[in-house]
Each structure stands twice: as structure tokens, then as C-alpha cells.
Amino acid sequence: MKDLREIIPNNIISLRKKKGLTQIDLAKKINYSDKAVSRWEKGEVLPDIETLQALSVIFNVPLSYMLEEHFETSVEKKIGYSRNEILMHILMVLIIWTIATIVFVYYELTYDNVIWQIFIWAIPVTACYMMYVNRKRKGKIVSLVFRTLLCWSLLTCVYFQFLEYNAWLVYIIGVPVQAAIVVAFFTQPKFRG
């Protein structure tokens with residue numbers, strides 16, 4: 001069994017990240033400095049029992065949870081999501097694509113009209129959902145990828161929706177939009193990607 005000097009810091013780090021809080025955010029919630037939170041997470045000092053109680057309230061766990069060792073899978077450690085959260089996000093993406101399939105089949109059967117573009121429209125919807133999911137983690141590189149995907153997939157949707165007009169020039173709009181996305185990426189404070 002690990003020493004409390006390892007268990008408590010690991011639990012504080014894990015719970016803080018699951019809540020999507022920075023050290024500064026957590027410090028503000030309990031009226032401590034971010035340096036104190038950093039020292040707790042490094043195991044240099046341990047918070048007193050009153051502070052542990054305050055932390056357990058913020059993280060919505062019993063006080064005993066803060067003192068016990070918890071095992072996370074390597075996937076949970078890497079991406080900061082529990083298995084249930086990952087499954088929920090996969091389910092939501094599957095729901096988006098199931099709705100697209102249902103609309104496709106409905107139009108095919110009811111109107112004898114093939115609207116394959118619905119699957120193209122499911123891509124930006126999926127990107128929007130993934131951007132929403134990523135806001136909790138505040139991962140800048142992942143955010144950059146999903147914003148780029150949203151930009152170019154929306155332009156592709158417009159292109160395919162108006163295919164008969166040969167509207168390929170719509171992709172020119174993507175150049176300044178992509179430039180703005182990249183500039184926003186590099187100007188955001190605290191690179192955490």
C-alpha cells in the first residue's frame with residue numbers, strides 16, 4: 001500500500017482534473033494560494049483535515065475517498081475521463097450518426113430521394129459535440145483539431161449541398177477562417193496542449 005504522501009496528492013490531482021479545474025481555480029475555491037495546491041499535489045506537504053474536508057465537498061466525494069488509493073486505467077490517466085464518460089461520449093456520437101442514417105432511410109423510402117449529403121452534415125455536428133466535450137479538458141491541440149474539422153467540414157457540406165452549381169470557390173472562405181483558428185490557438189494564454 002502506498003504512503004498517504006502519495007495517495008492524497010494523486011487523489012487531489014485526479015479529482016481536480018476530472019472537475020476541469022486548474023490549480024488556481026481550486027485554490028480560489030478553498031481560499032488558498034495556487035502554490036499551496038501545487039505543494040499538496042507534489043506531496044511536499046499534506047493539507048490538514050479541515051482542508052481535506054473542504055476538498056471532499058468541492059469534489060463531491062466522502063472524506064474517506066481522499067485517504068484511499070484509487071486505481072485508474074491508463075486511458076483514464078491519459079485523457080482524464082472515466083470509462084463511463086468515454087462510453088457516454090461514444091454513445092452520443094453514435095446517436096448523431098444513427099439520426100443521420102434514420103433521416104437518410106426515411107427520405108429514401110418516403111420520397112424516393114437519395115440525400116446522401118446528410119452523412120456529410122453529420123461530420124460538423126460530431127465536431128461540434130466533440131468541441132463541447134473538449135471544453136471540459138481545455139486541451140488546446142484537440143480544440144484546434146476539432147475547430148479545423150468543423151470549418152472544413154461545414155464548407156464541404158455547403159459544397160455538396162449545392163453541387164450542381166459547382167461552388168468549389170466556397171473553399172476560399174476556409175483560408176481566412178483557418179488562419180483565424182490558428183492565430184487564436186497561438187494567442188490563447190497558457191499552452192496546455
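This is a predicted model: local features need pLDDT of at least 70, side-chain atom pairs count only at pLDDT 80 or more; totals for chains, interfaces and linings use all residues.
Helix H1 spans residues 4-18. Within H1, the buried positions are Ile7, Ile8, Pro9, Asn11, Ile12, Ser14, Leu15 and Arg16. These buried residues pack against H2, H3, H4 and helix H5 (63-67). Just after H1, glycine 20 adopts a positive phi of about 75°.

In soluble globular proteins, nonpolar side chains tend to be buried together. The largest nonpolar core here has 16 residues, and the members that touch the most others are Ile12, Leu26, Trp40, Leu55, Ile58, Phe59 and Met66. At least two residues of this core come from each of helix H1, helix H2 (23-30), helix H3 (34-42) and helix H4 (49-59). H4 contributes the most, with four residues.

Tryptophan 40 is among the core members named above. Leaving aside residues up to four places away in sequence, tryptophan 40 touches Pro9, Ile12, Ile30, Tyr32, Val45, Leu46, Pro47, Thr51 and Leu55. A second, separate core consists of seven residues, including Ala122, Met130, Val133 and Phe146.

The cysteines remain to be considered. A disulfide is a covalent bond between the sulfur atoms of two cysteines. The structure contains zero disulfides. Cysteine 128 has a relative accessibility of 40% and therefore counts as partly exposed. Cysteine 151, by contrast, has a relative accessible area of 9%, and because this lies under the 20% cut-off, cysteine 151 is buried.

Definitions and conventions:
Residues are numbered from 1 along each chain as its sequence is written. Side-chain values use heavy atoms; hydrogens and water are left out. A nonpolar core is a set of buried Ala, Val, Leu, Ile, Met, Phe, Trp, Tyr and Cys residues joined through side-chain atoms within 4.5 Å. Buried means under 20% relative accessible area, exposed over 50%, partly exposed in between (1.4 Å probe, protein chains only). Contact means heavy atoms within 4.5 Å. A disulfide is a pair of cysteine sulfur atoms within 2.5 Å.
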